[in-house]
Amino acid sequence: MTDEEIMPGSASTLELARSAVQSMYRADRASQSLGLEILDVAPGSVRVCMTVRPEMVNGHNLCHGGVIFTLADSAFAFACNSRGEPMVAAGASIEFLAPTPAGERLTALATEVSRGARHGIYDVRVTKSSGESVALFRGRGARLRPPTPNGTTS
C-alpha cells in the first residue's frame, strides 16, 4: 500500500505525518517565534521556511548562526517526529556555507537518511531564495521510550 492510499479505519502515512507535524508545531513556541512556516510534509521529510528579521542579525548585520541552527533544528525535529513516534535530538552538527542578510527568506529541507528501532539520522539543507546553500545540518534523533508504570523510562 502506498503512502497516499488509505487503509479502512486508519489514516494514511501522509495524513499521519501532516497531523504529527501540525500537532508538534502548535506546541512549539520556539519555531513559532521564528515565524517558521511549514511548507511540505511527508513521512521522514519536512520543508519549512522563515524570513530573517532585523532582530535575528549579529554584529556583522548577517543572520546569526544560532538562528540558522534553530531553523535547521526545527526542520529536523518535525521530520524525525513525522512518523508519529516521539523522538528527540541526541546530537547535531552544522556547517555554515554562506552569509545571510536580513530580509532573506530561508528554506530548510530535512530528509531522513536512516531510521532504526531507536535512532535516526536526518540531513537538513538550508537555502536562500536563490537556491544557494547557506548551511548543512546533520541531526541524530533518539526515540523516546514510554514511561514504565513507576514513572521511569525503560
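I call a residue buried when its relative accessible area is under 20%, exposed when over 50%, and partly exposed in between, with a 1.4 Å probe and protein chains only. By that rule, 36% of the 154 residues in this protein are buried.

Before going on, the model is a predicted one: local features need pLDDT of at least 70, side-chain atom pairs count only at pLDDT 80 or more, and totals for chains, interfaces and linings use all residues. Residues are numbered from 1 along each chain as its sequence is written, and side-chain values use heavy atoms, with hydrogens and water left out.

The protein has three helices and six strands, meaning DSSP runs numbered from the N terminus, with helices being H or I of at least four residues and strands E of at least two. Along the sequence the pattern reads α-α-β-β-α-β-β-β-β.

Now the sheet. The six strands form an open antiparallel sheet in the order β1-β2-β4-β5-β6-β3, where two strands pair if DSSP finds at least two bridges between them. At the edges are β1 (37-42) and β3 (87-96), each with a single partner strand, so one side of each has no neighbour in the sheet. From one strand to the next, the twist averages 20°.

What joins β1 to β2? Five bridges do, and the two strands run antiparallel, with β2 covering residues 45-51. Alanine 42 is opposite serine 45 in β2.

Helix α1, residues 13-27, lies across β1 and β2 and runs at about 150° to β1. Axes here are lines fitted to C-alpha atoms, for helices over the stretch in contact (heavy atoms within 4.5 Å), and angles run from 0 to 180 degrees between N-to-C directions.
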